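Entries follow in the order I looked things up.

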Amino acid sequence: MSHSLRPLLPNSPNPPRVETLSQAQHRAKRVATPAACEACRKRKSKCTAERPRCSVCVERQTTCEYTTLPAETHLRAQKRKLTDLEIKCQAYEDLVGILRSRPDEETSQVLQRVRTGEDVQTIVKAVQDGDLLLQLSLKPDLRFRYEFPYIREMPSHLNRYPNPYLESTLFKKTGVQSPQSPIYLDSLRDIVDEPQKMYLVPYHAVELVDPRISSMSVSCWTAVSSDNPMLRVLLQIYFVFEYPFHPYFHKDFFLEDMLVGSRRFCSPLLVNAILSVAWHGYSRMKNRAEYWLPDNLGYRFLAEARRLFDLNQAHPTITTVQAAAIINLTCNLNGIDEISWFYTYKSLEMAQNMSLFSPSPDESKEWQVVAGTTAWCLFNWQALATFHTFQPPIIKDPPSRPPPDLDDISPHFGDIWVKYPLSREPIRIYNGLVFRAICKFRVIMNEISGISFNQPRSFNRMPLSAAINFRSRLLAWYADLPEPLQARHAAIPSHLKLHIHYHILLISLFEPFAQIGYIHAEANPNTIVSSSKICFETLMRVYYLRHGFESLDTTLVQFLHLLGFSALKDISSVEKGSVKHEAIRSTLMLCAKGLWDQGQNYYVSEAVFHLLKQSMSTEDALLFKEITEIEDSNVRLDHMAQEIRSRWPIGIFSMADDYGDRTLEHFMRWWEQQDKAQNGPVVELDEPNVISPRFPSDP
């Protein structure tokens, strides 16, 4: 049976292609858009995301608005807005701080600008950058007077022994009329002898005078930031606050090569290492001490420096050695000296392999100067670090490159010139004289460590006659200090720290004999220790009166914990409420405040602050909170127990007594165990080797 079939149409002359059929029959895949417009989000419809108007809004004739930037997701937009709000809130907080702390005439200028409708961030930046202050013809530091946080007068017990620092020009100048008075400002303008302003103005008010930095493209040397104005500020911070006491490289040769792009005495590794330290002094950033935050530029400078060091250490140059020493310093500030010691040993090993400690006959004059500066600074640092951690010296003999004579200091080391507010001319800070004095002092210190410690933390008491011989050498060093560095004339932090180290060394040297009652015809150990402790405290108080404790000073934490815990020990042995008791309380409050202030710059100081505060009596801790209004957070303490890896001994001048394990890391482990008991009474610790720290205030 046949069926009739439907006739077929003739073939089209242009048959459709398979791809065309596929596109016609199947809907194309939708391309994901980063963020929909607000109208489509409200309708929950699919947005094509064209700008300024998407196709859906054009078709519906509705308003099309975006709250995101092109190619930005809504999540990223929210993060950006949150950051903007934080910056805006920070500006208002800074504005309130300015209105609270600045003098009336300055705050009136600020309020006038607010009333005219000027942006708050612009006003705050103007004040911070000094633009407003230039209009007022002075800096804010000029108008601030430091006063002790508890009891404004110098304690009377500081007059017990002959005390040259109470007769110093610096101390006498702290008693002049109030810096807020117009008479005071006029007197500053009228001073003809510019160096006299060192005694009247805090050191952190100075401005580094070096035209090379002001015209330099620092961003060419680091991949971390392209913000040249900020990077130049960081370089200035380093040369003003850190370099005068730890000159690991020669400033002039470094800056000359940095300016012209030469890599002989400058390198990206060295620049990033310098910036990682300087960041701790960049007071515009409140979280500069939180080195573990990846968004913190200090973290990124240090990470970049360590990365470049890993790449360079196989074929090191002198800048590799210098950078390793600076990285070591940064790690110390962060409380991770387990890592810092690695860089200390590496820098010394590379320096010895490069013969930095011994000259060769074919060296150029430039190399002799740079190598000598680096070699001596490495020797000085290891002498300081091993002495205060009770270890034998890493290097027994000083470099065989003698420091220059006094007449050749400036040509050899170069000068650092700074300008004080209201000054017509810059002045030098005698950094070469300071460095030469440090070199001679650390040679003596290194020899004392070599005799006192054959093994790490194994104290070997030297004969009293040997200690007296070392004291004679120290007295000769003290008497030979150049005039600008002598007790009567010392003015700026680097000058004062020479004298502080001198008295700490005398205390450490004679404390073992004072505690067992040794007497000698030439010297009485008890008198030497008592006199040096009084001078030490006087120097710290004079330092604070003139310069304060807020600005970056990487050595202050060492001084403050020694003085603070010494006060804790003394306060337990005097009658409560007596004049002496209140004077010691004043010292304790000052040290705690100083540790907190420096803790805003670097983490290890905040950790020591908490240790000191935990060691105070409840009454003293409440007093500190009342007079300083400082609130500490348990959250930060939780984090400290994880971050601190430091074997630096806390609160002891010497190992004369068996103080047990008094390292910062041990305290953190102790605190972590106490935290498990939720701030309850002292409990038996989980680890048998972890014992409760014996604080000086304990009976």
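I started with a loop. Isoleucine 151 sits between helix 7 (131–136) and helix 8 (169–173). I noted that the model is a predicted one.

I checked the backbone there. Isoleucine 151 has a positive phi of about 65°, though it is not a glycine. Most residues other than glycine have a negative phi.

Is isoleucine 151 buried, exposed or partly exposed? I found 31% relative accessibility for isoleucine 151. Buried needs under 20% and exposed needs over 50%. Isoleucine 151 therefore counts as partly exposed.

I moved to another loop. Alanine 49 lies between helix 2 and helix 3. Alanine 49 is not a glycine either, yet its phi is positive, about 65°.

Which residue does arginine 51 join through a cis peptide bond? I found proline 52, with omega at about 10°. Most peptide bonds are trans. Proline 52 is in the loop between helix 2 (38–43) and helix 3 (55–60).

Next, packing. I looked up the largest nonpolar core and got 181 residues. Which members touch the most others? I listed Leu234, Tyr238, Phe239, Phe249, Phe254, Phe510 and Phe536.

I picked phenylalanine 239 from that list. I left aside its neighbours within four places in sequence. Phenylalanine 239 is then in contact with Leu208, Ile213, Pro244, Phe249, Lys251, Phe254, Leu255 and Ile416.

Last entry. I found a second, separate core of eleven residues. Among them are Ala36, Ala39, Cys47 and Cys54.

Definitions and conventions
Residues are numbered from 1 along each chain as its sequence is written. This is a predicted model: local features need pLDDT of at least 70, side-chain atom pairs count only at pLDDT 80 or more; totals for chains, interfaces and linings use all residues. Side-chain values use heavy atoms; hydrogens and water are left out. A nonpolar core is a set of buried Ala, Val, Leu, Ile, Met, Phe, Trp, Tyr and Cys residues joined through side-chain atoms within 4.5 Å. Buried means under 20% relative accessible area, exposed over 50%, partly exposed in between (1.4 Å probe, protein chains only). Contact means heavy atoms within 4.5 Å. Helices (H or I, at least four residues) and strands (E, at least two) are DSSP runs, numbered from the N terminus.
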